[in-house]
Amino acid sequence: MAWTFLIIAGLFEMFGVAMISQVNKKRNWVSVALLIGGFGASFLFLAFAMESLPMGTAYAVWTGIGAAGGALLGMFLFGESKDWKRIVFIAMVLSATVGLKLIS
C-alpha cells in the first residue's frame, strides 16, 4: 500500500507542477486553490508512504515521478520541446525510480 500512496503522491506532485504553469498564465483564486490542493495532497500521500518506506527512497521516487511527469506534461500539454535528449534524460530518471523500487 505504501508504494500506491507514493505513486498517488507523485501524481499529485505532477498536478501541482501543472498548476504552477496555470497560475503563471491565469492568476485567479481557482488556479491558486488547485495549486495548493495539489501540493497539499501530494505531501499528505507522501507522509502516508513514508510510514513504511525509507525516507530516502520515498523522497527520491516522489521527486522522480514529479520531475519526469512534469517534463512529460510540459511536452504534451504545454508544447515544450520534445528533443530526443530530453526524452533520454527523462527515461534515465524513470529507470532510476524503478531501480529504487527494485532494491527496496
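At 0% relative accessibility, A9 counts as buried in this predicted model.

Apart from neighbours within four places in sequence, A9 is in contact with S42, F45, L46 and W62. S52 stands 43 residues from A9 along the chain, and the C-alpha atoms of the two are separated by 15 Å.

Helix α1 runs over residues 2–25 and has 24 residues. From its first C-alpha to its last, α1 reaches 35 Å, close to the 34 Å expected at 1.5 Å a residue. Its buried residues are A2, W3, L6, A9, G10, E13, M14, G16, A18, M19 and V23. What covers the buried residues of α1? The cover includes α2 (29–49), α3 (55–77) and α4 (84–103).

A18 also lies in helix α1. A18 has a relative accessible area of 12%, under the 20% cut-off, and therefore counts as buried. When residues up to four places away in sequence are not counted, A18 touches L73 and F78. The C-alpha atoms of A18 and Y59 are separated by 20 Å, with the two residues 41 apart along the chain.

**Buried residues compared by location**

| Residue | Relative accessible area | Contacts beyond four places in sequence |
|---|---|---|
| A9 | 0% | S42, F45, L46, W62 |
| A18 | 12% | L73, F78 |
| S31 | 4% | Q22, V23, K26 |
| T97 | 12% | V61, G64 |

S31 is buried, with a relative accessible area of 4%, and among the residues it touches is V23, itself one of the buried residues of α1.

**Packing of α1 with α3**

Two packed helices are described by the angle between their axes and the distance between the axes. The axes of α1 and α3 come within 8 Å and cross at roughly 40°. The two helices are therefore oblique to each other, and their crossing is right-handed. On the α1 side the contact is made by W3, L6, I7, A9, G10, L11, E13, M14, V17 and A18. On the α3 side it is made by T57, A58, V61, W62, I65, G66, G69, G70 and L73. The residues of this contact divide into 13 nonpolar, five polar and one charged. Both A9 and A18 take part in the contact; W62 is among the partners of A9, and L73 is one of the two residues listed for A18.

**Packing of α3 with α4**

How do the axes of α3 and α4 cross, and within what distance do they come? These axes come within 9 Å and cross at roughly 155°. That angle is over 145 degrees, so α3 is roughly antiparallel to α4. The crossing in which α3 passes α4 is left-handed. From α3, the contact is made by T57, A60, V61, G64, A68, A71, L72 and M75. From α4, the contributors are R86, I87, I90, V93, L94, T97 and L100. By class, the contact of α3 with α4 divides into eleven nonpolar residues, three polar and one charged.

T97 is buried, with a relative accessible area of 12%. Leaving out residues up to four places away in sequence, T97 touches V61 and G64, and V61 and G64 belong to the α3 side of the contact with α4. V61 is also listed for α3 in its contact with α1.

Technical notes: Residues numbered from 1 in each chain as written. Predicted model: local features only at pLDDT ≥ 70, side-chain atom pairs only at ≥ 80, totals over all residues. Heavy atoms only, no water. Helix = DSSP H or I, 4+ residues; strand = E, 2+ residues; numbered from the N terminus. Expected span 1.5 Å × (residues − 1). Buried < 20%, exposed > 50% of the residue type's maximum accessible area, 1.4 Å probe, protein only. Contact = heavy atoms within 4.5 Å. Axes fitted to C-alpha atoms, helices over the stretch in contact; angles between N-to-C directions. Parallel < 35°, antiparallel > 145°, perpendicular 65-115°, else oblique. Left-handed = near helix turned anticlockwise from the far one by under 90°. Nonpolar A, V, L, I, M, F, W, Y, C, P; charged D, E, K, R; others polar.
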